[in-house]
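Me: I've got a model open and want to talk through its side-chain contacts. Can you take me through them one at a time?

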Amino acid sequence: MCFRVALVVLLGVVSVSLARDLVLGNHGDDFVDFRVDKNAGILTSSNSRNATRRQDFGDRIVALQGDLREHTRAYVATESSRQSAILAQKPTPKLNQAQIDQTNKEKELYFLRAQYYQYLKSQARALENRTRNGAFVGVVLGASNMDITLQRLGKPYGASISPFAVGVSGGYMHFIDSAPLGIRFYGQYLTAWNSSNNIQDSVTMQLFSFNLDMFGDLAIADDGYYLGAYAGVGGGLAIFDQSLKNVYEQHQIIAGSVLNLGLSATLAYHHRLEAGVKVPPSVINENFAFRLIYLVSYQYLF
């Protein structure tokens, strides 16, 4: 029985001692065990082993901190050099002579293609214009303004009339190379007469003219559709006749210049419509005066 008690006490003392060593080994900075030396009668410390362990642990920490600082410096230096390489201005690549020659050839070919395209386009226009050169004939309708002098009971007085006009024309048109411009020569005959019931006099006017016009046509669609304009001059011979039965009559011939101005439209190459004005010979005397003649015409182009 006593042996058992002694064994239990011994095991307890060993357990306490081991637990204390473990505690002091892990937390040597917080706990210190003091005991009394029976021979010397003074307090002694049992931390010598713990102090050695702490010293080793501290040395390891210092070494790790040094390695960490060196690693950080190396990383910062590497990243700085990498960023400098990225942000640094890149040198302009230099082309060798073969690459420069190739670039120049490509530019020359580009301009040559554009010039060749313009050349082909110009040749096509010139060919089209040549096919449009040729003779034409047409019919003309219109109205004119005229001031005349009437005789009543031996006393003259003035009146204005608007004779209705019809006529024909014919000539030749020729385009200038590949330009949308051309000239035409043509003759035209117009006759006009008074159709007013308010004036009993018979009034007729005939105009023979030879004309030289400059015209321009711009294509608005394929297959020969154009819009254009014309202007020109010419010379004319006007014949004026006025009579009142059994009272009086007069007959005069006047020569002078004429002016032409108008707009045109061409359909399917062969059909040309025009609307314009014609200024007959400017003749003003005591018996009559010619004014503008408003005309519309159709021409067939051969």
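This is a predicted model: local features need pLDDT of at least 70, side-chain atom pairs count only at pLDDT 80 or more; totals for chains, interfaces and linings use all residues.

Me: What area does the nonpolar surface patch made by V137, Y300, F302 and others have?

Reply: The patch also includes V139, V168, I220, Y225, L227, L267, L273 and Y298. Strands β3 (134-152), β8 (225-244) and β11 (288-301) each supply at least two of its residues. The area comes to about 970 Å².

Me: Is Y300 buried, partly exposed or exposed?

Reply: Y300 lies in strand β11. Its relative accessible area is 32%. Buried needs under 20% and exposed needs over 50%, so at 32% Y300 is partly exposed.

Me: What kind of aromatic pair do Y300 and F302 form?

Reply: The ring centres of Y300 and F302 are 5.2 Å apart, with 80° between the planes. Planes over 60 degrees apart get their own label, so this pair is edge-to-face.

Me: And what about the rings of Y189 and F208: stacked, tilted or edge-to-face?

Reply: Y189 is in strand β6 (residues 181-193) and F208 in strand β7 (residues 202-221), 19 residues apart. Their centres sit 4.7 Å apart, with the planes at 40°. Stacked takes under 30 degrees and edge-to-face over 60, so the pair is tilted.

Me: How many residues apart in sequence are the parts tied together by D217 and R132?

Reply: The side chains of D217 and R132 meet in a salt bridge, 2.9 Å from N to O, and both residues are buried. D217 lies in strand β7 and R132 in helix α3 (residues 97-132), so the separation is 85 residues.

Me: Over the face of which residue does R132 lie?

Reply: Besides its salt bridge with D217, R132 has an aromatic contact. At 3.8 Å from the ring centre, the residue is Y226.

Me: Which residue forms a salt bridge with R184?

Reply: R184 is buried, with a relative accessible area of 2%. Its partner lies in strand β10 (residues 271-279) and also meets R272 in a salt bridge of 2.9 Å. The closest N and O atoms are 2.6 Å apart, and the partner is E274.

Note on methods:
Residues are numbered from 1 along each chain as its sequence is written. Side-chain values use heavy atoms; hydrogens and water are left out. Rings of Phe, Tyr and Trp (its six-membered ring) pair if their centres lie within 6.5 Å; planes under 30 degrees apart count as stacked, over 60 as edge-to-face and the rest as tilted. Helices (H or I, at least four residues) and strands (E, at least two) are DSSP runs, numbered from the N terminus. Buried means under 20% relative accessible area, exposed over 50%, partly exposed in between (1.4 Å probe, protein chains only). A charge sits over a ring if NZ of Lys or CZ of Arg is within 6 Å of the ring centre and within 35 degrees of the ring normal. Patches are made of residues with over 30% relative accessible area and no salt bridge: like charges are joined within 9 Å, nonpolar side chains (Val, Leu, Ile, Met, Phe, Trp, Tyr) within 5 Å. Accessible areas come from the Shrake-Rupley method with a 1.4 Å probe; for residues, only the protein chains shown count as cover. A salt bridge is a side-chain nitrogen of Lys or Arg within 4 Å of a carboxyl oxygen of Asp or Glu.
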